[in-house]
Amino acid sequence: MTKIKIHPDGPVFDCREGDTILRAALRAGLGMPYSCNVGSCGNCRFELLDGEVLHQRTDAPAWSERDLKRNRWLGCQAAPKSDCTIKFRQDPSTVCRDRPEIRTAELVSITPVTRDINEFTFRIPAQDGFRPGQYALITPPDVEGGRAYSMANLAGDGTWSFMIKRVPGGAATGCLFEQATPGDEMTIDGPYGTAWLRADSERDIVLAAGGSGLSPMVSIARGALAQGMLDNQTLHFFYGARTSSDLFDPEAVLGKELAGKIRFTAALSEAETGWSGPSGLLPNVIAQTMGPALCEQELYFAGPPAMSAAIQKTAYEAGLQMDRMHFDEFF
Ligand code: FES
């Protein structure tokens with residue numbers, strides 16, 4: 001166990017062996033800026049004033065030689081080798097109501113959602129709270145390091161379920177899809193993420209997803225229904241896929257009541273004979289469907305990096321304020 005002090009007169013918190021400075025700070029209830037937790041966004045960068053750290057991932061996309069020269073490190077990758085003093089600007093908005101914990105969870109079921117997305121449901125011991133839209137880090141057996149996957153269900157029944165798309169050649173999804181069976185135990189660390197449902201917003205809601213991004217959007221839609229938001233607010237749910245064989249039945253996935261209360265649009269990026277729905281890139285379909293009203297929405301999105309970046313750009317160009325766009329920066 002090492003001690004981490006926030007410069008100049010901030011709190012001191014403990015960091016367990018093997019943990020990163022970011023996760024230890026969040027477990028201690030401290031607001032360290034972050035988004036992806038996997039070295040991609042750079043939001044968790046801090047300055048090391050004293051002590052020694054080691055990056056778990058030296059090839060983290062958001063970290064460079066220049067950072068190293070300036071003694072700047074990524075909180076989500078830096079594991080302390082000694083007591084440390086660090087400097088960063090605290091951001092209270094990243095403090096989780098449910099502090100992240102590392103748990104051993106039992107896989108209880110695997111349910112197909114599309115031809116390459118399965119829903120994996122785990123029984124979570126003890127505290128199972130999270131907000132709709134948050135994610136956790138799952139470490140399948142024989143895979144090094146956790147992978148970020150978002151929960152699709154709502155907290156409260158002792159389970160967390162994850163809709164995960166198989167990545168061709170991916171070690172983690174290869175293990176989950178080919179080897180995992182109910183009864184297996186895996187390490188799950190969470191909840192993380194700040195793109196959770198803003199239940200206090202009275203604006204209409206737009207959800208946009210592709211691939212595994214389906215999972216947090218399903219959770220947010222379920223949360224909006226549970227909170228009674230859909231009695232007065234319109235929820236548009238956009239899902240982008242390549243072909244019609246990549247789509248799912250909204251009633252089967254969301255349930256009849258929720259599917260009946262939202263406006264669901266599936267869009268195919270590839271032209272297909274017999275397809276009567278919209279075709280084209282998802283950001284364009286969103287812009288065409290929503291028109292000028294897009295800038296009045298509360299927007300949540302998740303999915304492949306290029307798609308997420310394009311949705312952000314489209315929404316920005318439509319005049320939507322950044323504080324009404326909710327996403328975790330995996331791109
Ligand atoms: Fe650390 Fe994204 S790079 S949270």
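Tutor: Happy to. Let's begin with strand E8 (residues 101–112) and strand E9 (residues 117–123), which pair in the antiparallel sense over 6 bridges. Pairing here requires that DSSP finds at least two bridges between two strands; strands (E, at least two residues) and helices (H or I, at least four) are DSSP runs numbered from the N terminus. This is a predicted model, in which local features need pLDDT of at least 70 and side-chain atom pairs count only at pLDDT 80 or more, while totals for chains, interfaces and linings use all residues. Residues are numbered from 1 along each chain as its sequence is written.

Within this pair, glutamate 106 has arginine 123 of E9 as its bridge partner. Both strands belong to an open, antiparallel sheet of 6 strands, ordered E11-E10-E13-E8-E9-E12. At its edges are E11 (147–150) and E12 (159–165), each pairing on one side only. From one strand to the next, the twist averages 40°, with axes fitted as lines to C-alpha atoms (for helices over the stretch in contact) and angles running from 0 to 180 degrees between N-to-C directions.

Now let's step back to the domains. The assignment, which is automatic or taken from a database, gives domain 1 (2–94), domain 2 (101–192) and domain 3 (205–326). The C-alpha centres of domain 2 and domain 3 are 23 Å apart. Their contact takes 17 residues from domain 2 and 19 residues from domain 3, where contact means C-beta atoms, placed from the backbone, within 7 Å.

What lies between the two domains? The largest nonpolar core has 62 residues, and Ala136, Leu207, Ala208, Met217, Ala221, Phe238 and Ile286 touch the most other members. (A nonpolar core is a set of buried Ala, Val, Leu, Ile, Met, Phe, Trp, Tyr and Cys residues joined through C-beta atoms within 7 Å.) Helix H4 (residues 214–226) gives the largest share of this core, 6 residues. Domain 2 (101–192) and domain 3 (205–326) both contribute residues, so the core lies between them. Apart from this core there is another one, of 27 residues, including Leu26, Met32, Phe46 and Cys84.

Leaving aside neighbours within four places in sequence, alanine 136 is in contact with Tyr149, Met151, Trp160, Ile188, Asp189, Gly190, Pro191 and Tyr192.

Finally, consider glutamine 297, in the loop between helix H7 (282–290) and strand E17 (298–302). Glutamine 297 counts as buried because it has 24 C-beta neighbours inside 10 Å; the rule is buried at 20 or more other C-beta atoms within 10 Å, exposed at 12 or fewer and partly exposed in between, with C-beta atoms placed from the backbone. Not counting residues up to four places away in sequence, glutamine 297 touches Arg203, Asp204, Ile205, Val206, Leu320 and Arg324.

Methods: Contact = placed C-beta atoms within 7 Å.
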